[in-house]
Amino acid sequence: MANLNRKVAVPAEEIDRQREFMLLVHDISEARFLSQGNYPKAFVRTYGCQGNVADGEKLKGMLEEMGYQLVDSPEGADFVLYNTCAIREHAEDRVFGNVGALKNNKRRNPSMLIGLCGCMMQQEHVAQKIKKSYPYVDLVFGTHAMHRFPELFYQALSSHCRVFEISQSDGVIAEGLPTHRDGQFKAWLPIMYGCNNFCTYCVVPYVRGRERSRQPEDILEEARELIAHGYKDITLLGQNVNSYGNDLQNGIRFPQLLQKINDLDGEFRIRFMTSHPKDCTHELIDTIARCDKVCNHIHLPVQSGNSRVLKAMNRRYTRESYLSLIEYAKQKIPNVSFTSDIIVGFPGETYEEFLQTVSLIEQVGYDSLYTFIFSPRKGTKAYDMPDPVSQEEKGKWFRELLAVQEKIGEGKYQALVGKTLRVLPEGPGKTGEGYLTGRSDSNVIVDFPGEDSLIGKFVNVTITKALNWAVLGELR
């Protein structure tokens, strides 16, 4: 049987065609800017999840191929691109506010181009709002057209007409695009795209398409390149990494992929996210326990601690099955740590049901949480669900949950005092001059005195003090 994954692969000929557009844009930019002794400047800002960040690195890579110099501010930029997130209303409001602020930039520099892409733009109602209310935006494209960015940018640059491309699709996989890595030691490595879960609150399946896995050989080749270039902390990305390989015919699923990456030569560590509990298996946990390069930290979003609410969310697991997974992982993985996502105030949730989430948090003992008050997303089932609890009341619940987690987190950090952690220093610390900061294998922020020459090299740090956001230590 032919590999189903091949149906979504962008042909190599199409990638070559996009490289031809990169050259055309480069020629236009050279004629317009280099003749004046300048380089065209581009500012790219990414909102949202790590998957968006990885996309942003590819967009930057393509811009560099097109002759653009990346800058850190829209001021003075010849092209501004916002890579957007649709997961919560607050993220959308920030984008609209920042796009509105660009109107003055455009007035001062009429030749500047403004582009919007990503998850927000894949929604028809958002794209139409941009078209009608923000006439100074030149280029809009959705997630499914990202690999065609050079072509679309060329059209906007050469025609001086507005370009919109938000065609619907089940999604594609485009290999061979250039990438500009933002970090020197930490790297994102997408292994799959899209989602099949259709949680009732989530817009991701509608803007990212169906689940589709990269070929394992492509992932392994990229991992080898990262290791060869000195990357020490590699995070595997997917809307649901636990579903990796379900669309492939080669028998390789996420545990096998994890083992293959772990077996590569080199000194590095492996993280992964996001991990859906319904697809988290004992086999995966056993693999994590067996692999010496896979971190003993699992981000396992629970969203709610009440089984009725979980069913209303279409999460397809129960409180009991989730806690059973946690207990199994604690038994199998030494010093395992957990983080999670929590939604407070899902439509129809009662205070008593919310308290079950609080009790689950206390039972698991998370190191930290990503907590959100429910944000209705147009096009999802939860958008039309009755929601009688006021935002004010949800805010009280939210603060109550944060207070409980803060105490748990403080206890977790305090328990680390006297222990020695393996840390990858990433840069200057916040504690004071002469301090470095990094993360442990269990994802704890560690500040410690050290020379800059240690940045990017694994060190052992003995913890001496717990703060409410990190721990302090000394080199062992």
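Tutor: Let us begin with accessibility: a residue counts as exposed when its relative accessible area is over 50%, and as buried when that area is under 20%. The model here is predicted. R108 has a relative accessibility of 57%, so R108 counts as exposed.

Student: With which residue does the side chain of R108 meet in a salt bridge?

Tutor: The partner is E75, with 3.3 Å from N to O. This pair links distant parts of the chain, 33 residues apart: R108 belongs to helix α3 (residues 89-108), whereas E75 sits in the loop between β2 (69-70) and β3 (79-84).

Student: Are R377 and E92 buried or exposed?

Tutor: Both R377 and E92 are buried. They form a salt bridge whose closest N and O atoms are 2.9 Å apart. Here the partners are 285 residues apart, with E92 in helix α3 and R377 in the loop between β14 (368-373) and α13 (391-414).

Student: How many salt bridges does the structure hold?

Tutor: The structure holds 25. Salt bridges may also share partners, and in this way E14, R17, R148, E151 and E165 are joined into one network.

Student: Why is T339 classed as buried?

Tutor: T339 is classed as buried because its relative accessible area is 4%, below the 20% limit. T339 lies in strand β13 (residues 337-344). Leaving aside residues up to four places away in sequence, T339 touches H297, I298, H299, L300, Y366 and S368. With H297, the contact includes a polar one between the two side chains, at 2.9 Å.

Definitions and conventions: Residues numbered from 1 in each chain as written. Predicted model: local features only at pLDDT ≥ 70, side-chain atom pairs only at ≥ 80, totals over all residues. Heavy atoms only, no water. Helix = DSSP H or I, 4+ residues; strand = E, 2+ residues; numbered from the N terminus. Buried < 20%, exposed > 50% of the residue type's maximum accessible area, 1.4 Å probe, protein only. Contact = heavy atoms within 4.5 Å. Polar contact = N/O pair within 3.5 Å; in protein donor to acceptor, adjacent residues only side chain to side chain. Salt bridge = Lys/Arg side-chain N within 4 Å of Asp/Glu carboxyl O.
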